[in-house]
Amino acid sequence: MTPADLKLILVALVAIGALVILVTRFKVNAFISLLLASLIVGLSAVAMGRPLTVVGVVKSFSTGLGNVMAGIAAVIGLGTMLGKLLAESGGAEVLAKGFANFFGPKRIQWCVMALALAVGLTTWFAVGFVLLLPILLTLVNETKQPFLKLTLPLLSCMSVMHGLMPPHPGPVVAVAALNANMGLVLFWGFIIGVPTAAIAGPLFARFAVRVVQANPPPLTDKKATRPAAYRAPGFGLTLWSIMLPVVLMLLATLAELLLPKGSRLLMAATFIGNPVMALLIAVLFASWSLGTRSRYTRAQILKFTEDCISAMGMTLLIVGGGGGFAKVLTDSGVAEAIGRGGEAMHLPPLLYGWLIAVFIRVATGSATVAITTASGLLAPMLAQHPELTANQVALIIVAMGCGSLFMSHLNDSGFWIVKDFLGLTVSQTLRTWTACETIVGIGGMLLALVAFLLISPG
């Protein structure tokens, strides 16, 4: 690790500190704060002689913003439309009442966890969160349970699925980089992930509800806007409407595992299982099942989809700003400096991989960037340890996945999605979502380390 690496890491820490102070203390718009933090890192890197120009800093930010928007704008937009149709049709109420009656009020947290695990297995965090949000808010209203008591289990499960389980992009890249067994990563991801989510969700929620006072966004009364001939959707049809994109994405994953390359059936399954296509199909189906079938007109359905998108413009801009900040940090060499710093510590592979993922996660705010970068830096080290078993390599990937979720804060797009959609303040989000992610990062690593030691030969 060189003195230049130390300077880059220090610059990144200063930029992150400035970002937090600008948003929390001086109430500067979050997008502007992310851009200013990016300029601090980029211009400092230029002054240090890094291969980056002043104009290149701005281009790097714009590229990162565009890359994130290209990846999630359509997905979040379509997911929001589906969630809006679910809420307006009364489908969220139908599902909430059905689940509440089945599980009972005392076990409703486990109901939320089961939903989040099922939906989060194949859907991106943002997609699953937006899909389940109407159900969550309705369950809070129906059961009169504290808002955070149900919210934190949902968030912890969705996050764990995103960070630890293939087919999510980060774990898939790590499996390829480290030549791991996909099935074992899925197995250990589930074994480690579920108890980790239980600790960061239901158990942490018991403490959080006593120290953080948070109220859910208001549920508007839909009855006044419903047509005279309105009829509520059935439980089965509503559940199928919300699970349709999950099923399509799961079919695509199974097709990739079971069908030969070049197969037309594989191409078709991959096409309809793409997140954008799966959600488009689901929105079109829901326009009938939760729209016209419930006696809404096409004009009313159009208004629903337009209203929900216009309300999330600032959120999308901030999410893109987080991607721009991450790109500047990567192009300025911060991620590489962090990797070299971890290598200089001469730690065991599992702890080394976890620490690199943690450092990159805190610096860039991206879970996917953290685990993919960490796995690339870890690959040469694992090549020097041929004694590691396939199960141990899988546990290393799970530990890195937990590290990639550690301490989500203001440079993470997920932070702003959670804050804005749940109607929380920055302080409330830091004390709930950030704390939840930190517990996932540390708790998951400790469980993976225990399993790693238990299965070690000799």
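This is a predicted model: local features need pLDDT of at least 70, side-chain atom pairs count only at pLDDT 80 or more; totals for chains, interfaces and linings use all residues.
Local features need pLDDT of at least 70, side-chain atom pairs count only at pLDDT 80 or more, and totals for chains, interfaces and linings use all residues. Residues are numbered from 1 along each chain as its sequence is written, and side-chain values use heavy atoms, with hydrogens and water left out.

Most residues other than glycine have a negative phi. Lys27 is not a glycine, yet its phi is positive, at about 55°. Lys27 sits in the loop between α1 (3–24) and α2 (30–47). Helices here are DSSP runs (H or I, at least four residues), numbered from the N terminus. Lys27 is exposed, at 66% relative accessible area. Exposed means over 50%, buried under 20% and partly exposed in between (1.4 Å probe, protein chains only).

Lys144 also has a positive phi, about 60°. Its loop runs between α6 (125–143) and α7 (147–164). Lys144 is exposed, with a relative accessibility of 66%.

The largest nonpolar core holds 142 residues. Such a core is a set of buried Ala, Val, Leu, Ile, Met, Phe, Trp, Tyr and Cys residues joined through side-chain atoms within 4.5 Å. Phe325, Met400 and Leu422 have the most contacts inside this core. Helix α6 gives the most to it, with 13 residues. Leaving aside neighbours within four places in sequence, Met400 is in contact (heavy atoms within 4.5 Å) with residues including Ala174, Trp354 and Leu378.

His162 lies in helix α7. His162 is buried, at 17% relative accessible area. Not counting residues up to four places away in sequence, His162 touches Trp124, Phe125, His168, Pro171 and Thr368.

How values were computed. Helices (H or I, at least four residues) and strands (E, at least two) are DSSP runs, numbered from the N terminus.
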